[in-house]
Each structure stands twice: as structure tokens, then as C-alpha cells.
Amino acid sequence: MERIDVAVIGGGQSGLAIAHALLWRGLQPVVLEASGRAAGSWPRYYDSLTLFSPARYSSLPGMPFPGADRDRYPHRDEVVAYLTAYADRSDAEIRTGCRVSAVRRTGTGFEVELEGGDRLSARAVVAASGTFGRPHRPALPGLEEFTGQVLHAADYRSPAPFTGRRVVVVGAGNSAVQIAVELAETARVTLATRGPVKFVAQRVLGRDLHFWLTRTGLDTAPLGRFLSRPPAQPVLDDGRYRAALAAGQPELRPLFTGAGGTKLVWPDGQREEVDAIVLATGYRPDLPYLARLDGALDAEGDPRHREGLATNVPGLAFVGLEWQRSLSSNSLRGVGRDAERIAWRLAAPLARR
């Protein structure tokens, strides 16, 4: 069985960041990426997605985001290209097409089993995948009785298939509002929410919000240690989204109260034919390969950790959880800081073995 220092499961932004940090600590990580390239979930996001932070605040350690305009908001495809280039420049060993099926505890560390039966022996394991692997589909009133199309934002790509149709988008976060406004250009759209949509100005006193978050230290404040789940994030807006909702493009309504066939029932009792429902309702951690590690996950499949280190399994760490340290932990601008801290804490006990 091949023996390695650290198995890093996932080759997206979190996996690349922790691999970089581990190398600086003198460890030799092996990155195991299930897909054919090290770009994480980014290639699967919807076509129009852009970063919420400007290019100057959107880099992993050691490689600035390219481009002359440092204040632009990079497009999804730019991020994919950036992560691919970052992986190509990395000194870490990155193995694509390696999906991990199980991790088990051994006397000296961990056994990592890959689909196909191959096994690795690792002194430590970092779970850097699964943040966007399990789309959350909440139990909404009557949704099981709805016979129209239901899809999660994870499966949404562009408005083209919905042209001329009646669509309801469920959610109040950035993705929900962005998708609803985009769809409203070619379809009749309602944004259905449990509560009000909360906006935060994208620019304050002529500067992007992230300039002020960085200057004040709020971007790196260790708020995550006080949270068990990430808080609801407000919608970053340069004015377009608030104006679109005010104009009814899309219209804003409270969440429907029931469904039957292809009709939804609204709180005022109105029944309306609807073609499709898009659930922009977030994600839950997807870490099935840790199910055989006693104490690694709680009853809901969420990792048991404190600021990225497993609380019950020595030598196991998590990186890329957006609430584990600061509220920017799972962004390109934040994951590098979390990775450096986790690598430092993980390397110390390994050096003593």
C-alpha cells in the first residue's frame, strides 16, 4: 500500500489552498480530485455567475488573480481558468480522476480507499470537498404534490430553456435574486421567500464593500467560532437588483402555502399554474466517505470540528467550510487564510510522530 504524508480530498479552491499551505510546512500532500481537472465545483455553476468580490480580493496564496482591471468582478470561466493555472503551478502532487469512497482509521493514521479498490496509507487527512456537493431541498408546503418541473440552482445554467414560461424561484440570497432577475428578462417570474430580501450596497463611498471589510478587519474576524451554521448572507447589490424587484421584474411574494398538480397556492388563496420551480436554497456538506470514521460527522452528516480540526478524530481536518473561522472562509479571498492556520495546527503533531 502506498504511504503518503497527507491525503487532501478535493482539488478545488480549498484543496489547492491547503496543499500550498502544507508544502510550506514541510509536508508532502497528495491532492485527490474526483473530476478530470482541479477546479472544484466552479465549472458546474450557472453561466452568468460572477464573483461577489473584485479580482484584487479574489486570490489564493502565492498567485494574484490575473488581468489589468483589478476592480472587475471575475466571471465563472475566469475563475475556472485561474484555478486550473494555480494547479499547474503547484508543487503538490495532484491526481485527477481519483474519487475517494471511504476513509478508515488505522493504528498509524488513515487508510484512504478510492473507487476501483486502490488504497493509500496517510498520516493525516484533509476533507476539502463536499461544500457544494449536496443541494439542499427543504420541505416546502405541497412541493411533493407539484407535478411541474422542480430543479435546484445547482442544475440551473441559463434562462434559455425557460423563455416564455411561468417560473417561481425560491430563496432570498445572492443566487436566488441573481437567477430570478436573469430569468425575468425572458420569463414571467416570482421570487418566493420566507422573509424579506436583505440588501447590502456593493459600493460604499465609492469603494467596493470588500475594501472596507479588509480595512476594518471584519473580513477576517473569527466570527465562525461562535457559529454552528453559516448565517444568512445579504444580497450584494449595486442597485440593479433592488430596482428590478421594485419594478416587479421579478415580482416578490411570500412563500406559497401549498401545491397540487401544476398549480401553486399563494397565501392569499390564489391558485396559479406554474411551469417550473427553481430552488435556490443552498447546500449541505457532502462527506459520505467519512461515514466510517466514528465521530467525524454528526447525525445530519455535518462535520464535527472546531475551527477546521475534527473534534473527535485526531489527524482529520476540514477546510472550505464557510463558517469555520471568518465569514469569508469559503471564498477565494478567505480560504487561503484558513488553510494556512489549519496546516500549522495539523503539522505540529505530525512532526512529533
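Two strands count as paired if DSSP finds at least two bridges between them, and strands (E, at least two residues) and helices (H or I, at least four) are DSSP runs numbered from the N terminus.

Before you start clicking, note that this is a predicted model, in which local features need pLDDT of at least 70, side-chain atom pairs count only at pLDDT 80 or more, and totals for chains, interfaces and linings use all residues. Residues are numbered from 1 along each chain as its sequence is written, and side-chain values use heavy atoms, with hydrogens and water left out.

**Stop one: a sheet.** Select β16, β17 and β18, which form an open, antiparallel sheet of three strands in the order β16-β17-β18. β16 (258-260) and β18 (271-273) are the edge strands with a single partner each, so one side of each has no neighbour in the sheet. Now zoom in on β16 and β17 (residues 263-265), joined in the antiparallel sense by three bridges. Here glycine 260 sits opposite lysine 263 of β17.

**Stop two: a cavity.** On a 1 Å grid over the protein atoms alone, a cavity is a set of points where a 1.4 Å probe fits but cannot get out, a pocket is an open set with protein on both sides within 12 Å along at least five of seven lines, and lining residues have an atom within 4 Å of a point. Select Ala127, Ser129, Thr131, Leu287, Phe318, Val319 and Leu321 to see the lining of the largest cavity.

Move on to the second largest pocket and show Ser48, Thr50, Gln178, Arg240 and Tyr241, the closest to its centre of 17 lining residues. Finish on α3, which gives the largest share of this pocket's lining, four residues.
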